[in-house]
Amino acid sequence: MGEAEESNSLEYTPTWVVATVCFVIVLISLLAERGLHKLGKWLTRHHQDALFEALQKLKEELMLLGFISLLLTVSQRAISRICVPPSLTNSMLPCKRSDDESSHNAKYSAPSIIHSPGRLLSADNAVNNCARRGKVPLVSLEALHHLHIFIFVLAVVHVIFCVTTMFLGGARIRQWKNWEDSIRNSSTSEKDKKHEHHHISLFIRKHEKGYWRKSAVVSWTIAFFKQFFGSITKSDYIALRKGFITTHCSHLPNFDFHKYMIRTLEIDFKRVVTISWYLWLFIVLFLLLNLEGWHTYFWLAFLPVILLLLIGAKLEHIITRLGHGVAEKKIDAIAIEEARAANAIEEARVQPSDEHFWLERPAIILDLIQFILFQNSFEMAFFFWIWSTYGFHSCIMERLGYIVPRLIMGVFVQVLCSYSTLPLYALVSQMGTKIRKGMFREEVHTMLEGWAGSAKHKMDKLGLESSQTVQEEMSVNDDSVITNIEFSATN
């Protein structure tokens with residue numbers, strides 16, 4: 001026993017082995033760190049401030065995962081020496097324990113491609129120490145080692161899924177740029193105005209055909225299926241754009257609505273990559289309920305699918321309600337198309353309002369999207385972790401009939417949410433009562449925050465109720481000065 005222990009010690013390991021392992025680990029870590037640093041400099045150089053902040057958030061999450069892994073490494077020996085009664089370790093198992101321990105190991109402990117097949121001597125010492133007291137270790141060193149692997153796999157999959165989300169979402173929104181350019185680059189001739197009014201009238205006409213389309217059941221059914229194909233048409237985009245500009249920045253008829261949406265998408269992405277506290281609580285709850293025979297991993301895969309389809313239908317239904325709101329004004333679509341007077345055209349626009357959203361809070365949908373994307377990445381990370389650590393035929397992996405549907409739903413959720421739902425939210429969320437933060441570029445927003453802070457400080461000295469006053473003065477709807485600042489910043 002003593003000779004084996006000495007041979008496994010770092011004191012009796014060849015120095016070339018130690019130096020080689022350290023060199024490889026340090027090299028990989030430096031390459032990853034330099035790559036993220038170069039990416040951050042590239043984003044800063046191209047004035048992608050929101051994406052740079054999202055990258056910083058992602059680095060914070062990776063640092064947190066690394067700290068958790070380091071904490072497990074430092075405390076694993078102390079944790080393995082905690083002894084508990086055997087009855088506590090024989091309940092709530094993810095795999096059914098066999099009466100014969102050896103047969104159990106042969107059946108469920110499939111050869112791992114990561115950990116060593118030999119048992120660690122320190123683990124044997126922990127078992128013997130607890131056995132002398134009639135107890136068993138709370139958790140083995142091997143199980144703690146597998147947790148290290150899970151944290152690493154979760155970090156890698158989370159990064160890959162975040163990059164995929166931003167790439168697909170950005171690609172989808174960039175497809176709308178041609179629609180924006182066709183409106184902003186058009187002249188002020190009657191022919192060009194008629195072209196824009198034609199699409200607005202199409203939007204109104206589509207939502208006023210027949211009373212049956214205004215039925216809640218029918219409208220929700222149409223909204224549900226529309227999210228899969230043609231979720232946003234050119235008429236939808238132009239009508240929503242017209243309603244936003246007329247309501248929030250009427251002083252800027254040539255406002256770059258598409259660039260504004262790109263900025264809001266980048267801000268939303270910063271929120272999506274963040275692993276909030278309730279998401280960590282979800283992980284703990286999932287690990288707690290992953291019991292043998294419950295098939296928790298299979299049933300949980302339906303949760304993001306159901307939420308995603310519900311959110312997509314809700315966003316499409318908001319567009320439908322906006323169209324119904326315009327149609328209910330009983331304005332003849334043909335007369336609108338032929339109208340020339342500006343005041344007649346002003347009536348044919350959507351009216352943004354928070355009342356169309358759940359609890360009159362558009363941000364709730366973004367919170368649900370954040371949960372969906374994280375839960376999906378966690379589920380895929382859990383699959384790859386089980387596969388690499390315990391093998392494809394592990395009892396935790398379950399049967400093939402449970403595996404294939406989970407993988408299909410995971411890919412479906414990632415593609416649909418990234419390419420359709422998130423861009424759809426970036427557009428429909430602009431139909432709220434308030435203007436989102438992406439209205440201004442980062443430097444303009446910082447300047448306005450500084451102005452508001454100094455104004456609040458001065459009003460506090462005067463004993464005035466400054467909060468309400470500052471908020472009123474910060475309103476963009478009636479402040480031509482701020483809209484002029486935006487005009488100079490975006491052009």
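This is a predicted model: local features need pLDDT of at least 70, side-chain atom pairs count only at pLDDT 80 or more; totals for chains, interfaces and linings use all residues.

I began with residues 297–315: this span is 95% helix and 0% strand, with end C-alpha atoms 29 Å apart. Helices here are DSSP runs of H or I, at least four residues, and strands are runs of E, at least two, numbered from the N terminus. Residues are numbered from 1 along each chain as its sequence is written, and side-chain values use heavy atoms, leaving out hydrogens and water.

Next I checked the record. The unreviewed UniProt entry annotates "transmembrane region" at several spans, including 147–168 and 297–315; such annotations may be inferred rather than shown by experiment. I found residues 147–168 to be 100% helix and 0% strand, with 31 Å between the end C-alpha atoms.

Then I turned to helix α6 (residues 141–174) and α11, whose axes come within 11 Å and cross at roughly 165 degrees. Axes are lines fitted to C-alpha atoms, for helices over the stretch in contact, with angles from 0 to 180 degrees between N-to-C directions. That makes α6 roughly antiparallel to α11 (over 145 degrees). Among the residues in contact (heavy atoms within 4.5 Å) I noted C162 and M166 of α6 and L265 and F269 of α11.

Last, I looked at helix α10 (residues 234–248) and helix α11 (residues 257–272): their axes come within 11 Å and cross at roughly 90 degrees. The two are therefore roughly perpendicular (65 to 115 degrees). Y237, R241 and F244 in α10 meet F257, H258, Y260 and M261 in α11.

Notes:
Angles under 35 degrees count as roughly parallel, over 145 as roughly antiparallel, 65 to 115 as roughly perpendicular and the rest as oblique.
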